[in-house]
Every structure is written in C-alpha cells, then in structure tokens.
2 protein chains.
Amino acid sequence: MLYLIGLGLSYKSDITVRGLEAIRNCSRVYLEHYTSILMAASLEELEEYYGKPVLLADRELVETGSEQILKDADKEDVAFLVVGDPFGATTHTDLVLRAKRAGIPVEVVHNASVMNAVGSCGLQLYNFGQTVSMVFFTENWRPDSWYDKIWENRKIGLHTLVLLDIKVKEQSIENMARGRLIYEPPRYMSISQCCDQLLEIEATRGTKAYTPDTPVVAISRLGSASQTFKVGTIEELSQYDSGEPLHSLVILGRQCHELELEYLLEFTDNREKFKNDVAADQEYFKPAAWVPPTEEDSE
Amino acid sequence: MLYLIGLGLSYKSDITVRGLEAIRNCSRVYLEHYTSILMAASLEELEEYYGKPVLLADRELVETGSEQILKDADKEDVAFLVVGDPFGATTHTDLVLRAKRAGIPVEVVHNASVMNAVGSCGLQLYNFGQTVSMVFFTENWRPDSWYDKIWENRKIGLHTLVLLDIKVKEQSIENMARGRLIYEPPRYMSISQCCDQLLEIEATRGTKAYTPDTPVVAISRLGSASQTFKVGTIEELSQYDSGEPLHSLVILGRQCHELELEYLLEFTDNREKFKNDVAADQEYFKPAAWVPPTEEDSE
C-alpha cells in the first residue's frame with residue numbers, strides 16, 4: 001500500500017491519528033520536501049515522533065525517481081508525507097497514477113492545508129476565486145500572469161489567495177550551469193516583498209485589477225502558535241514586518257459581508273480607516289455586481 | 001480556552017493527534033450537528049473514543065445559545081467539534097468573536113474539509129472558482145442564484161464545487177407552524193437529484209452557463225473507505241446511482257490540463273467519450289481564454 005498522508009500546517013501532532021497509525025506500519029517513510037515546510041517540527045523531531053527514519057524527498061526524487069518511492073509497495077506499506085494535504089500540487093496525482101498503474105493500492109489521509117485553513121482569517125471560503133502563486137522576481141524574470149487572474153476574480157467579487165514563493169534546495173544559475181550540486185540557503189517571501197511586487201506590476205499594467213489602496217489580509221504562520229493576521233492596504237502592508245515564514249496574502253473581493261468585515265477589524269489598530277478602505281474598494285465595482293456580458297445573454 | 005477542532009471527513013481517527021489531546025483535557029465537548037455528518041462513526045463511538053460525553057449542538061444552540069457553550073470557558077477548557085474544518089461556515093467565526101469579546105482565549109485545530117480534499121479527484125485546487133450550494137427544491141422554492149456563479153466561474157475557465165444539501169433535524173412547515181418539536185428524518189441530496197436540478201434551471205434560463213453535455217465529477221463519501229469518483233456529463237450523471245451520502249459535484253471549467261484529464265479518465269468506463277465531451281465543452285470557450293472587457297482595458 002502507498003499511503004499519501006497530509007501532515008497539516010505546523011505541529012508534529014497536527015497529523016491525524018489515522019495518519020500516524022499508518023506511518024507506524026510502514027517500512028519506508030518519505031517526506032516531500034520542496035513545496036512547503038512544517039513550521040514547528042524538525043526532521044529529527046518527526047523521526048522520534050514516528051519512531052522511524054524519515055527520508056527527504058526532493059523534487060528530483062518525486063518527479064523522476066518514483067520507482068524508488070514505489071519499490072515493493074505492492075508487498076509492504078510505504079508512506080509519502082506531504083505538509084498540508086497531499087493534493088495541493090499536481091506532482092502527487094502523478095505519483096498516484098504511477099502507483100495505480102503498477103497495481104499498488106493507494107490510500108490518502110487528508111489534512112488541513114492553506115487552501116482551506118485560510119478560512120480562519122474570517123472570510124468565507126465560498127467566495128474565493130482561483131488561487132495564484134507569487135514567485136520571487138529576478139532581474140530578468142518578472143512573471144505576472146497572476147495579474148489577470150486577480151483581475152478576473154475581483155471582477156466577479158471574489159477574494160484571491162496569493163501563495164508566496166519558497167525556495168528550498170534551489171541551485172544558483174551558475175551552479176546549475178556548472179553541474180555543481182550546491183544549494184542556496186532556503187528563502188521565503190515576506191508579505192512586504194509580495195506587496196512590492198503587486199504594486200510594481202499594477203504600476204506597469206495600469207488596468208486597476210487592484211490599486212495601492214486595495215485591502216488585503218496578511219496571514220503569517222497559519223496554524224502555528226505564533227499565527228498572525230494583519231489587515232491593511234497593499235501600500236500599507238508593503239511596509240509590514242511579517243516576521244518568520246510562512247506567509248500568504250488574501251486580496252479582498254467585493255463579497256465581504258458585515259460579519260466577515262467585523263472579524264477582519266480585529267486585525268488592525270485603525271479600524272475606521274480599514275472599514276473606509278474596504279468601502280472605497282467595493283465602491284469601485286458598484287452599484288451592481290459585475291456580470292460578464294455575452295451575446296446570448298438576454299437577462 | 002475554547003478549542004475549535006476539525007474532525008476531518010470520515011473516520012473517528014481522522015481527528016489530529018493535537019485535537020484529540022485537547023479534547024481529553026476539556027470539561028465539556030460539543031459536536032456541531034447540522035451542517036455535516038461524520039460518515040464512519042456514531043456519537044457513541046466518538047464518546048468511547050474520546051473517553052467522555054459529547055453534547056450535540058444543533059443550529060439553535062450554536063446561533064442563539066452561545067453563552068451556554070462558552071460558559072466557564074475562561075476557567076476551563078471547552079471543545080467545539082466540527083466535521084471537516086471549523087472555518088467552513090460563518091456561524092463559527094461568530095462563536096470565535098463572542099469568545100474573544102468575553103475574554104476567552106480561542107485555539108483552532110484545523111483539519112481537512114471538502115474544500116481542500118476535493119483535490120483528490122485530480123483537479124488542481126488552484127483552478128476552482130467560487131463554491132456554490134445546491135439546496136433541495138420544493139414546490140414553491142427553487143432558488144437558482146448559484147446559476148450565475150457557475151457561469152461566472154466557467155467564463156474564466158474555473159471549476160465549480162457544488163455542495164449538496166443535507167437536512168438534519170429539520171421541521172416540516174406544518175410542525176414548525178404549530179410549534180411542535182418534531183423533526184423530519186435526515187435527508188441527503190444525491191448526485192442524480194443535483195444533476196436534475198442543474199438541468200431544470202439551465203432549461204429555464206437557457207443562457208448556457210453549462211449544457212446537459214458539460215462534464216462533471218461526482219464525488220461520493222469523500223475521505224471514507226467507500227469513497228467513489230465518477231465522471232460523465234450532467235445528463236449522464238442524472239441517471240447515476242451514487243449510493244450512500246455524502247456527495248459533492250464538480251462542474252468542469254476550461255482549465256483542465258492533460259495530467260488532470262488523465263486522472264479523471266480513471267473514473268469512467270468510457271474514456272473516449274469523456275475525453276471528447278471535455279474537448280467539446282472546452283471548445284465552447286475557445287479559442288482564447290475569456291477575459292472580461294472594460295473601458296479602461298487597453299491591452
């Protein structure tokens with residue numbers, strides 16, 4: 001059996017009882033180690049907690065070395081651990097497909113991930129649109145395809161969850177070119193850097209998918225003991241010191257109801273200003289909710 | 001301390017280790033009992049598993065009796081258990097706000113919910129738009145505000161998660177009018193009924209937010225041992241016997257990539273037909289991805 005087991009967001013004890021029981025019966029345990037990190041536990045702590053060694057699975061191993069992971073999984077139990085839930089990233093559906101085709105039964109043990117736990121900022125999950133990723137800009141590479149997606153979401157009143165880049169076990173271009181397996185220290189994007197990149201692209205594009213005054217929610221260390229929420233405008237949070245990783249950002253849509261706003265106001269010292277900022281941003285799309293026009297539309 | 005603890009989707013052991021540890025220190029344990037059900041465990045099994053009594057919290061208690069839930073929670077630990085994750089429904093942010101205002105510290109223990117575990121059907125969570133709820137139609141009440149939302153999602157290529165109505169501890173209109181506390185047996189919407197209602201409203205509206213040939217994914221008993229996925233068109237799945245509850249449905253958007261489609265094809269006996277159905281449905285929005293036009297748009 002191949003078990004895909006979500007570890008949840010932060011603590012080693014965020015694993016489910018069922019997940020932990022499964023691990024204890026496994027002969028090999030892999031930990032996916034490139035799309036996220038478990039904030040409150042080190043590898044050694046996990047190994048002690050599980051009572052067995054944990055093998056780190058980097059991108060190469062997962063994307064090209066799946067035979068190694070799946071080896072003998074038809075005869076014994078193998079666990080593949082993923083921070084959050086196993087179905088955040090496509091590569092894991094790839095692993096499931098390979099297992100199925102090799103006749104290996106697969107069992108998934110779900111857990112919380114940022115995709116649903118983001119609801120703890122008080123905004124209804126129902127009103128989120130597509131999720132976007134914000135990658136670290138480099139001198140020559142400043143991808144902005146997320147801009148249109150934010151725009152599409154906001155046109156129909158929806159919030160946008162922005163996932164902030166993390167770089168774990170990345171090579172510099174020079175080291176990669178020279179084939180040297182030397183890895184850069186891990187990097188995690190901060191809220192202020194994300195807001196800076198948002199402002200830069202809006203300044204270039206200028207089509208007002210959002211403005212410097214658009215309200216956002218900074219979510220730091222979600223699900224950990226030091227979890228912090230902070231609300232403000234993009235401009236304001238470009239000056240915000242968000243502290244230790246991991247961070248995510250929510251760009252507000254029009255669909256922010258009274259109780260949701262009330263909840264968000266707990267996360268600012270300047271409640272009046274934020275209330276006004278939300279009202280002004282909503283005004284931009286008023287009076288009516290925006291509905292995409294089409295020729296067939298006779299309503 | 002007030003603990004809001006997610007129970008996950010199905011098994012009693014889907015609770016996290018941290019959640020279980022918290023419950024064991026609580027003097028009172030409530031189980032939210034009107035928005036969802038835990039599929040694989042009865043109340044008695046939960047009580048035995050936790051080693052203490054569990055109080056069922058119905059809508060009345062949660063929405064109007066929060067003093068009772070929060071009583072003494074400043075001096076002792078109280079757990080409020082929610083199937084899935086605590087932040088699926090707004091009423092629980094309300095409970096958190098009340099606790100905070102009463103000076104009661106709150107800790108949230110997240111877990112998987114349909115909102116993220118739906119990723120196990122193989123579609124990327126990134127490409128889901130707003131979520132809609134499908135309620136049971138009655139003779140005089142056939143609400144269809146979800147229709148525009150599906151349309152908005154599909155116009156920008158996004159999938160729509162449709163949550164199917166459940167009725168737990170509901171009164172008949174007659175009993176309610178007479179003030180009799182007699183409750184109807186629980187009801188859970190099936191995939192075929194959901195598809196019938198989709199077809200009915202499309203026939204009335206006729207603006208082709210989707211058609212009878214639009215591909216959908218039926219998700220039954222997500223996260224349980226008998227979890228089942230089935231793909232087909234809305235028309236086809238209106239004939240599908242989805243078995244025991246709970247069910248959800250995903251209406252496909254244009255953003256269905258090759259690997260995702262390959263994964264979905266595992267859930268049909270007629271791969272060729274489904275592949276063609278997906279291609280035909282995508283064609284409807286081609287060639288270019290639809291982008292909402294505006295006056296300011298100079299691109």
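The side chains of B:Glu107 and B:Arg18 meet in a salt bridge at 2.8 Å, N to O, a salt bridge being a side-chain nitrogen of Lys or Arg within 4 Å of a carboxyl oxygen of Asp or Glu. Because B:Glu107 lies in strand β5 of chain B and B:Arg18 in helix α1 (residues 17–24) of chain B, the pair ties together parts that are 89 residues apart in sequence; helices (H or I, at least four residues) and strands (E, at least two) are DSSP runs, numbered from the N terminus. This is a predicted model, in which local features need pLDDT of at least 70 and side-chain atom pairs count only at pLDDT 80 or more, while totals for chains, interfaces and linings use all residues. Residues are numbered from 1 along each chain as its sequence is written, chains are lettered from A in the order in which they are written, and side-chain values use heavy atoms, with hydrogens and water left out.

**Accessibility of the pair**
- B:Arg18 is buried, with a relative accessible area of 10%, whereas B:Glu107 counts as partly exposed at 25% (buried means under 20% relative accessible area, exposed over 50%, partly exposed in between, with a 1.4 Å probe and protein chains only).

**The sheet of chain B**
- Five strands form an open sheet with parallel pairing, in the order β3-β2-β4-β1-β5, where two strands pair if DSSP finds at least two bridges between them.
- The edge strands, each pairing on one side only, are β3 (55–57) and β5 (106–109) of chain B.
- Strand β1 (residues 2–6) of chain B pairs with β5(B) in the parallel sense over four bridges, and B:Glu107 is the bridge partner of B:Tyr3.

**Salt bridges around A:Arg205**
- A:Arg205 forms a salt bridge with A:Asp144 (3.2 Å, N to O), which links helix α9 (residues 191–205) of chain A to the loop between β6 (132–134) and α7 (145–155) of chain A, 61 residues apart.
- A:Arg205 also forms a salt bridge with A:Asp148, the closest N and O atoms being 3.2 Å apart, and this pair links helices α9 and α7 of chain A, 57 residues apart.

**Between the chains**
- The area buried between chain B and chain A is about 5800 Å², of which carbon and sulfur atoms give 58%; buried area is the accessible area (1.4 Å probe) that two parts lose on being put together, summed over both.
- Six salt bridges are counted between chain B and chain A, and A:Arg101 forms a salt bridge with B:Glu262, with the closest N and O atoms 2.8 Å apart.
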